[in-house]
Amino acid sequence: MAKLRITQIKSKNGATKRQIANLQSLGIHRLHQTVEVELNPVSKGMVEKVLHLVKVEEI
């Protein structure tokens with residue numbers, strides 16, 4: 001499967017609890033942190049909920 005490289009580019013201050021939980025589930029804990037995750041329906045849904053806070057690249 002494809003992989004995604006996700007980098008947090010905006011602060012999670014002011015984000016909802018659900019958006020913060022999605023970032024933590026993706027493995028992102030601080031600003032400018034980058035993680036690589038497998039592209040599946042679950043991770044795709046989490047990324048779509050926080051798309052305004054992150055930068056997404058397909059690997």
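Analyst: Start with contact: heavy atoms within 4.5 Å. Leaving aside neighbours within four places in sequence, Q8 is in contact with L23, I28, R30, L31, H32, Q33, L53 and V54. Two notes on the source. This is a predicted model, where local features need pLDDT of at least 70, side-chain atom pairs count only at pLDDT 80 or more, and totals for chains, interfaces and linings use all residues. Residues are numbered from 1 along each chain as its sequence is written, and side-chain values use heavy atoms, with hydrogens and water left out.

User: How many helices and strands does the protein chain have?

Analyst: Helices (H or I, at least four residues) and strands (E, at least two) are DSSP runs, numbered from the N terminus. The protein chain has two helices and three strands. Their pattern along the sequence is β-α-β-α-β.

User: In which sense do β1 and β2 pair?

Analyst: Two strands pair if DSSP finds at least two bridges between them. β1 and β2 pair in the antiparallel sense over five bridges. There, L4 stands opposite V37 in β2. β1 and β3 also run antiparallel, joined by five bridges. On that side, R5 stands opposite E57 in β3.

User: Which residues of helix α1 are buried?

Analyst: α1 spans residues 17-26, and Q19, N22, L23 and L26 are buried. To place them, take the arc of the directions from the helix axis to the C-beta atoms. They cover an arc of only 100°, which puts them on the same side of α1. The cover over these buried residues includes β1 (3-8), β2, α2 and β3 (54-58). Exposed K17 and S25 sit on the face turned away from the buried side. After α1 comes G27, with a positive phi near 100°.

User: What about the nonpolar core?

Analyst: In soluble globular proteins, nonpolar side chains tend to be buried together. A nonpolar core is a set of buried Ala, Val, Leu, Ile, Met, Phe, Trp, Tyr and Cys residues joined through side-chain atoms within 4.5 Å. The largest one here has 13 residues. I6, L23, L26, I28, V50, L53 and V54 have the most contacts inside it. β1, α1, β2 and α2 each supply at least two residues of this core. Not counting residues up to four places away in sequence, I6 touches L26, I28, Q33, T34, V35, V37, V47, V54 and K55.

User: Where is L39 placed?

Analyst: L39 is in the loop between β2 (34-38) and α2 (41-49). At 25% relative accessibility, L39 counts as partly exposed. Beyond its neighbours within four places in sequence, L39 contacts M1, A2, K3, L4 and K44.

Conventions. Buried means under 20% relative accessible area, exposed over 50%, partly exposed in between (1.4 Å probe, protein chains only).
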